[in-house]
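Q: I have a sequence and a model open and I'd like to learn how to read them. Can you walk me through it, one feature at a time?

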Amino acid sequence: MQTLAVIWRAAGLRMATDARTIVEVLPPVSCRPGAGAPEWLRGLFAYRGALIPLVDATQLLGTARESDRMFNRVLVVRVGTVNAPVDWLVGLWVESVLEIERIDFESAGGHPGFGTDVRRFLGPVAQTRLGQVQLVRSEELFTPQQAAMIMQRLTEAAA
Amino acid sequence: MTKPSFVNTLLGRMLLFGVLPTILAIAAVVTMSAIDSYRDLRSVEEGLLGLSARDAAIEMSFRNERWNSVAATMAISQSEGLFGQREATTDFVKAVVTEFPLIVGAFVAYEPNADGADASALKGVAVSRDAMDFAGRFVPYWVRSSANVLLNQRIGMETMESYQGPKKEFARTGKGAPFINEPVVRDGVMVVTHAYPIIIEGKFAGNVGLDRELGTLAEIAKDIRTKLGADVFILSAGDRFIATTADAQTASGARVLATQELGESAYGAQAALWRPTKAGRNVFEAIDPVLGEPCIYATSIAQTGGWNVVVRRTKADVMRLANVGVKRNIIVGSIGVLLVGGLMSSISLSVSRRVRNAAAAAEHIARGDLLQPVVTTSSRDETGQLMQSMRTLVANLNSLIGSIKHAGIRLNSTATEISATSKHQEASASTFGAASSQIAAAVKEISATGKDLVRTMKEVSANAAQTAKLAIAGREGLQGMESVMQNLDRATTLIAERLATINERSQKITTVITTITKVADQTNILSINAAIEAEKAGEFGAGFLVIAREIRRLADQTASATLDIQQMVQQMQASVSSGVMEMDRFSDQVRRGVRDVVAAGAQLSEIIDRVNRSTDSFKQVNESMEAQSEGAQQISEAMTSLSANAHQTMQSVQEFGRASSDLQAAIGVLRHAVAEFKLKE
């Protein structure tokens with residue numbers, strides 16, 4: 001089954017995210033950094049009247065943060081988890097958006113990935129005209145601890 | 001001077017050719033004299049020995065003759081009356097034996113019945129039977145027996161040599177002659193028989209004889225030995241020893257040689273020598289077999305009896321006197337040789353020493369050493385005169401060489417002064433020549449330089465005029481250039497202002513481009529969101545998705561184009577900025593150029609003024625230089641002439657210097673030669 005995927009770059013890698021999970025693509029936004037927050041959490045920024053966390057994809061992937069550029073983009077992604085009372089949004093700061101393309105990750109020539117592994121961002125890999133592209137599922141974006149920390153905040157805010 | 005070998009020295013030659021031959025001649029004379037003396041003495045000694053032998057032989061002959069006379073007297077008494085008177089004859093014979101003690105026996109023997117009384121005698125009584133044989137033949141034989149004289153018969157006399165000898169001799173010669181038989185030993189005594197024939201009426205009627213004891217001959221031999229100091233051997237005609245003084249006695253007292261045959265004795269080997277081949281003196285030398293040393297023998301035969309007397313003396317004994325003589329000769333000769341040799345050697349040494357001293361003095365003189373004193377001698381001979389002459393020569397040479405030496409020193413100092421003076425003159429002339437040459441060269445150079453200077457001055461004058469002309473033209477050109485430069489300055493300023501305007505405009509373009517870029521970016525985001533939204537719209541949004549994609553593509557192209565524009569504008573801005581800076585710098589340079597041109601114009605004006613003022617001065621200098629050049633030319637010619645003269649002078653002085661050097665060298669040679677002599681100060 002072909003999926004419309006937004007192909008982006010972070011930490012030198014080409015990644016893809018299902019367009020249906022993306023709310024909007026934004027130019028670089030200014031955010032309020034949270035003191036004592038982990039490095040991968042850039043802070044909070046205002047989106048359509050609400051403050052949502054801005055997460056640095058490069059640091060989330062485990063490499064050093066790079067300087068900001070005009071062609072950087074913020075993908076507003078809807079993160080749906082099993083235990084979450086509500087869907088929640090998160091801003092994913094990527095290096096650039098490369099393409100929007102339909103990709104069949106399950107067709108021959110692709111790779112199912114290493115789903116059983118505890119590591120994240122190891123979804124299926126497909127061969128496209130841009131090269132190898134790995135699918136990042138929104139539920140695999142954070143580790144349970146990271147997700148729990150964000151969820152707790154969001155729950156408290158909602159209450 | 002090498003030392004000659006001894007043979008080549010005067011002493012050697014005098015000794016070799018004077019003393020040695022003299023000594024040799026004297027030695028030869030002495031030796032020959034000694035040999036002659038030896039020979040003479042030996043001859044005399046041998047003669048004496050021979051004479052002794054002869055004397056002994058004569059003595060023997062005399063004694064034999066004497067007893068022969070007694071025998072002859074007995075025979076004559078028979079022939080003169082006693083023949084046939086047997087009794088008287090018997091008594092007569094007895095009286096002979098009794099009378100002569102040396103006679104040990106005497107006999108008368110008639111031929112058988114010679115007196116015709118044999119038969120009657122046998123019957124008679126007057127005569128003893130002992131005086132006849134059994135046939136009555138008268139053969140009385142009186143024999144001395146100790147103190148008595150006994151009558152015996154003379155039996156067997158026919159076979160006896162003492163009987164047959166005279167008989168045969170008478171038969172051969174027809175005359176009576178004494179006969180001495182070979183000695184025989186009878187009763188331990190050597191006896192010789194002297195016999196004489198009885199001749200009656202020319203016929204042999206028997207013979208008489210007497211036996212003589214030869215023991216007395218030993219005494220005679222002793223006497224001879226005592227006289228001569230020589231051993232005497234007396235041998236019978238049959239070579240039997242009769243007596244000798246050299247006979248050894250055996251233990252029993254018997255004589256070894258006496259009665260022995262010569263051939264059977266120790267001297268048997270010399271028998272041939274002992275018996276002389278001719279009568280008279282016969283002397284020979286042989287090794288004595290008994291004594292074992294060389295001995296000289298002399299032999300002589302007794303005329304009567306034919307006995308041989310041999311006298312022997314040892315050679316050492318014989319030659320003692322000769323040796324003494326020879327020794328004396330040698331001693332005297334040696335003393336003579338030594339005296340002559342010593343005297344001649346002494347003279348040779350003396351002469352040689354003086355000549356050697358003279359030679360040494362001559363060698364010192366030859367070496368030039370006149371300090372060595374000449375040895376003086378008291379001798380007034382030629383060598384002494386030679387030494388005196390040498391001393392005079394040394395003194396004269398001392399004086400002469402001393403004078404030459406002083407003269408040489410004075411001459412050398414004078415020559416040195418001359419040489420120094422000539423060298424000084426030469427140096428002066430050389431310096432003068434060099435200086436004049438330098439002056440000439442300098443003047444020449446001055447002349448040439450003056451000419452060059454005149455020429456240069458002319459050129460300078462012309463150049464100055466030309467320069468003035470050019471300067472005037474340059475000043476005019478500069479004046480034109482100044483206005484051009486001012487125009488250029490103005491234009492430059494204008495360009496700078498325009499460029500500033502361009503810069504400003506380009507900055508505005510940059511702002512527009514930024515805006516366009518932002519719009520394109522926004523459009524890009526918009527297109528992405530549109531695509532997302534179209535996907536969310538499902539199949540209703542499919543067409544919109546296509547539009548969104550196109551929009552995004554256009555946005556991307558716009559972004560790309562604006563990027564190009566931005567880059568171009570940035571390049572233009574950089575060029576304009578650098579252009580503005582270059583124009584500013586150029587403008588500055590132009591301004592400086594204008595200032596320089598103005599200054600150059602002022603300087604040119606000054607140059608023109610000065611050049612115009614210099615022209616007159618140049619002319620004056622030029623004339624002076626020409627005059628100076630001519631003067632220098634004249635000086636140069638004069639200096640060249642002077643230099644030539646100086647050169648000639650220097651050559652003359654050099655010649656003089658060489659001559660004085662030669663003189664000095666000659667004086668040096670003279671001094672060197674004189675210096676060889678060591679003089680008394």
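Q: How are α1(B) and α7(B) oriented to each other, roughly parallel or roughly antiparallel?

A: Start with the cut-offs: angles under 35 degrees count as roughly parallel, over 145 as roughly antiparallel, 65 to 115 as roughly perpendicular and the rest as oblique. Axes are lines fitted to C-alpha atoms, for helices over the stretch in contact, and angles run from 0 to 180 degrees between N-to-C directions. Here helix α1 (residues 10–82) and helix α7 (residues 315–367) of chain B have axes that cross at roughly 170° and come within 9 Å, so α1(B) and α7(B) are roughly antiparallel. Helices (H or I, at least four residues) and strands (E, at least two) are DSSP runs, numbered from the N terminus.

Q: Before we go on, where do the numbers and letters come from?

A: Residues are numbered from 1 along each chain as its sequence is written, while chains are lettered from A and ligands numbered from 1 in the order in which they are written. This is a predicted model: local features need pLDDT of at least 70, side-chain atom pairs count only at pLDDT 80 or more, and totals for chains, interfaces and linings use all residues.

Q: In what order do the strands of the open sheet in chain A come?

A: Strands of a sheet pair through backbone hydrogen bonds, either parallel or antiparallel. Two strands count as paired if DSSP finds at least two bridges between them. In chain A, 5 strands run in the order β3-β6-β7-β5-β4, with mixed pairing. β3 (22–26) and β4 (41–47) of chain A each have a single partner strand, so one side of each lacks a neighbour in the sheet. β4(A) pairs with β5 (residues 50–56) of chain A in the antiparallel sense, over 6 bridges, and A:L44 has A:P53 in β5(A) as its bridge partner.
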